[in-house]
Amino acid sequence: MTDSEVIIKILSGDRDKFRVLVEKYQSMVFRTCIGFLHDKDDADDLTQDIFLQAYQSLNGFKGEASFSTWLYRIAVNASLNKVRKKTGHPVFQRIDSFLQSAKGKEVFPPVSDTDNPESILIRQENSKWVQNALDSLPENQRTAIVLSKYDDLSQKEIADILNTTEGAIEALIQRAKANLRVKLSYSYKKIKKHRRKNISFVSNHKNELK
Amino acid sequence: MNCQLCQKKLDAYREGILSDDMRTQVKAHLKLCAECGESYRIQLLADSVVNDEKMIIPDNDLTSRIMARLENSTETGYRNISPFRKVLKPALIITSLAAAIFAGVLIGNIYKPSVRELSQPLELALIDDVAIESVDILSNQ
Ligand SMILES: [Zn+2]
């Protein structure tokens, strides 16, 4: 059964058929949410909201784009709205506050027992500064990066979702990548300085700890 | 190869889509140039963070939870308002408003005396109005 056939059934009252669409597209929506939110629980909540929203707007689906394109649009809009609500601080302020608190939420899959606490911390730190650099991109660049890096979509597919031309997306992704490079190396230098400070702190206090 | 060109080619180098000649040139530059070498390692690290995140998968029961929310949701109707609802909704609002005003007037009439009495403080209720001199008399003095 094609997506359109499923949608016709749902619209004519067979609500349970919506399960078919959820099963088919939940991983896709979830991945987009992860790309924007970097947190499993948040992505899970938002994925639910997105499918509920999709169900409620289903009779607005005209079949001009594919269902996945239409769903991606809802997912991107919902993710951007969520992100706007979540963040009120400029990114580098957030990096600083992260460095001070150094308690990032667990965003990785469970780590193996062989990982020592230091390497876990470094891994979490790494993920945090990379995420911060991604999150600090302007919304359109960030969206293009999420759709291309997390969802592995082609420029043509991204152009369809964002309702623009492939050429515009190509230029957008190039700008986003260049921008990201600058932000990454800025954050990396900051974090390296912070780590050096910590290492010297530990070595200075090694004797006290013995 | 200069740094600017190397930086420009790094994405394609990581993705393995450079020509053999260009790949050799980039590789040679990365070995010699500390700055570009660091930039390359940073990008590899960023790739690995993104790949780690992509490995996070939703819990098995996500579909069931979405369907359960759909069942329980009070908003399971479609959001687009039908022409029928477009007419019905304002009519319903006007009717409820009229009913509320009518009920208000009715209740107001039924409870008028008791409401007045209750709204009067106890000390005032006990004062004998007749014994009080008229304000008119005082003003005439
Ligand atoms: Zn260089």
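Helix 9 of chain A gives the lining of the second largest pocket its largest share, six residues. This is a predicted model, where local features need pLDDT of at least 70, side-chain atom pairs count only at pLDDT 80 or more, and totals for chains, interfaces and linings use all residues. Residues are numbered from 1 along each chain as written, chains are lettered from A and ligands numbered from 1 in the order written, and side-chain values use heavy atoms, leaving out hydrogens and water.

**Second largest pocket**
- About 350 Å³ of space lies in this pocket (the volume filled by probe spheres set on grid points, which are joined across faces, edges and corners).
- A pocket here is an open set of points on a 1 Å grid over the protein atoms alone, where a 1.4 Å probe fits, with protein on both sides within 12 Å along at least five of seven lines; lining residues have an atom within 4 Å of a point.
- The lining has 13 residues, and Ile173(A), Gln174(A), Lys177(A), Lys8(B) and Asp11(B) lie nearest the centre.
- Two or more lining residues each come from helix 9 (166-204) of chain A and helix 1 (3-15) of chain B (helices are DSSP runs of H or I, at least four residues, numbered from the N terminus).

**Aromatic pairs**
- Over all chains, eight aromatic pairs turn up (Phe, Tyr or six-membered Trp rings with centres within 6.5 Å; planes under 30 degrees apart are stacked, over 60 edge-to-face, the rest tilted).
- Phe18(A) and Phe51(A) have ring centres 6.2 Å apart and planes at 75°, so they pair edge-to-face.
- Both Phe18(A) and Phe51(A) are buried (under 20% relative accessible area with a 1.4 Å probe, protein chains only).

Terms used
Buried < 20%, exposed > 50% of the residue type's maximum accessible area, 1.4 Å probe, protein only.
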